[in-house]
Amino acid sequence: MAKLPQFRKAAPRPMAGRRRSTVVWHRLIRSLLYLITWIFLLLVLIGNLSNKPVLRDTYFLKIDLSDIIPLSVPNAVLINSIARSIGLHDFYQVGLWGFCEGYDDTGITDCSKPKALYAFNPVKILLSELLAGATIALPAEITSALKIARIASEWMFGLFITATLLSFVLIFLSPFAVSARPPQTLSSDPQVNQAQHIHHRHTFVLLRSLPFTIITFLVALFTVAASIVATVMFVLFRNVFVSASEELNIKAWLGIRMMVFMWIASAFSLLAFILQFGSCCAACCGGRKARKAMKNKDSARQMREKNPPSSSPSENSGRTANAS
C-alpha cells in the first residue's frame with residue numbers, strides 16, 4: 001500500500017511590525033483617553049444649566065446672601081428675612097452658560113437662559129433682582145475687575161468649546177496615529193522589511209504622526225489653559241467676596257465638583273499628548289541602528305561591485321601551467 005506523502009509546514013516567513021493585539025491595545029488606549037477627556041469636558045459644559053441631579057451641584061462659584069447683614073447688627077435676622085422681600089435670593093451659582101438662583105429651604109428656583117460667551121457679572125445680576133428703589137452696596141473691587149473678567153470669560157468659553165469638539169473627533173481619529181508597522185520596527189534584514197509591505201517612514205511621520213501630535217497638543221493646550229483661566233478668575237471673585245464679609249457678610253466658595261471635572265479632563269488630555277509625542281519621537285528617531293546597518297551593507301556591496309577581487313599570483317601560475 002502506497003504511503004501518502006507527508007506534508008511539512010513551510011518555514012514561517014519573517015514577520016515585521018507589532019502583534020495585532022498590541023496594535024489594538026494602543027489604539028484603544030488613545031480612544032479611551034479622549035473619551036474620558038470628552039466626558040468630563042461635557043460635564044463642564046452642561047453644569048449648572050438646570051435644576052437636575054449632578055447639574056445643580058456642578059458650578060464654578062456659589063455666592064450665599066442668606067445672611068447678608070452680619071448678626072452683630074441689631075435685628076439682623078429680621079433684616080435678612082426682609083431681604084427676600086426686596087428681590088434678593090439666598091444664593092447664586094455660576095456656570096459656563098449662565099447662573100442659577102434659589103433659596104436655602106427650596107433649592108434652585110430658576111436658571112438664566114443659556115448664553116454663548118457668558119460673562120459673570122454679579123453687580124448686574126444682583127441689581128437686576130432688586131425691586132424698584134432698593135439698592136445694595138457691593139465691594140468696589142468687584143466692579144473694577146469686571147472688564148478683565150468679561151474678557152477672561154469669553155476666552156474660557158471658547159477654549160472649553162473648542163477642546164470639547166476636538167476631543168470628540170479624536171475619539172475616532174486618534175487610533176489612526178498607530179501603525180501596525182511603525183518606523184521603529186525597521187530591521188537590518190531586507191527580507192523582514194519586505195515581508196508585509198514597503199516601509200515608508202517619512203510618509204508616516206509627515207502625514208500621520210506629526211499632524212496628530214499637533215492636534216493633540218492643541219487639545220491639551222486649550223483644556224489646560226481654560227482650566228487655569230477658570231480657576232484663577234473664580235478664585236479672585238471668591239476672595240473679593242470673602243474680603244467684604246465683615247461689611248456685608250457675603251459667603252462665597254468654589255464649586256469643587258466643577259474644578260475636579262475640568263482638571264481631570266486636563267490631566268487626561270495632557271497624558272494623551274505625552275503618549276502621542278513619545279510615539280512621534282520614536283517614529284522620527286527609531287530604527288537608526290537598522291538604517292545604519294542597511295546603509296553599511298549597501299555601501300559594502302557597491303564597493304565589491306566596483307572593485308571585484310583580483311586573482312592571486314599562485315592562481316595565475318596554476319592557470320598558466322594548466323594551459324601549457
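**Cavities, pocket and backbone**

Reply: At least two residues of the lining of the largest cavity come from each of α1 (20–46), α7 and α9 (256–285). Helices here are DSSP runs of H or I with at least four residues, strands are runs of E with at least two, and both are numbered from the N terminus. This is a predicted model, in which local features need pLDDT of at least 70 and side-chain atom pairs pLDDT 80 or more, while totals for chains, interfaces and linings use all residues. Residues are numbered from 1 along each chain as its sequence is written, and side-chain values use heavy atoms, without hydrogens and water.

Me: Fine. How many cavities of 30 Å³ or more does the structure hold?

Reply: It holds two of them. A cavity is a set of points on a 1 Å grid over the protein atoms alone where a 1.4 Å probe fits but cannot get out; a pocket is an open set with protein on both sides within 12 Å along at least five of seven lines; lining residues have an atom within 4 Å of a point.

Me: How much space lies in the largest cavity, and which residues line it?

Reply: The largest cavity contains about 50 Å³ of space, a volume being that filled by probe spheres set on grid points joined across faces, edges and corners. Its lining consists of R30, Y34, S174, A177, F212, T216, A272 and Q276.

Me: And by class, how do the residues of that lining divide?

Reply: In the largest cavity, four lining residues are nonpolar, three are polar and one is charged. Nonpolar covers Ala, Val, Leu, Ile, Met, Phe, Trp, Tyr, Cys and Pro; charged covers Asp, Glu, Lys and Arg; the others, Gly among them, are polar.

Me: What lines the second largest cavity?

Reply: I63, Y92, F120, P122, I125 and L126 line the second largest cavity, which has about 30 Å³ of space. The class count of this lining is six nonpolar, no polar and no charged residues. Helix α3 gives the most to it, with three residues.

Me: Now the largest pocket. Which residues lie nearest its centre?

Reply: K115, Y118, A119, N121 and K124 do, out of 18 lining residues. The space in the largest pocket comes to about 370 Å³.

Me: Which element supplies the largest share of that lining?

Reply: That is α5, with four residues. Both α3 (122–129) and α5 (146–173) supply at least two residues each. The classes in the pocket lining are nine nonpolar, four polar and five charged.

Me: Changing topic: where is C281, and why does it count as partly exposed?

Reply: C281 is in helix α9. It counts as partly exposed because its relative accessibility is 33%; buried means under 20%, exposed over 50% and partly exposed in between, with a 1.4 Å probe and protein chains only. C281 and T213 lie 68 residues apart in sequence, yet their C-alpha atoms are 9.9 Å apart.

Me: And the backbone: what is the phi of V54, and of L117?

Reply: V54, which is not a glycine, has a positive phi of about 75°. L117 is also not a glycine, and its phi is positive, near 55°. Most residues other than glycine have a negative phi.

Me: Where are those two found?

Reply: V54 is in the loop between α1 and β1 (61–64), and L117 is in the loop between β4 (107–111) and α3. With a relative accessible area of 38%, V54 is partly exposed; L117, at 43%, is partly exposed.
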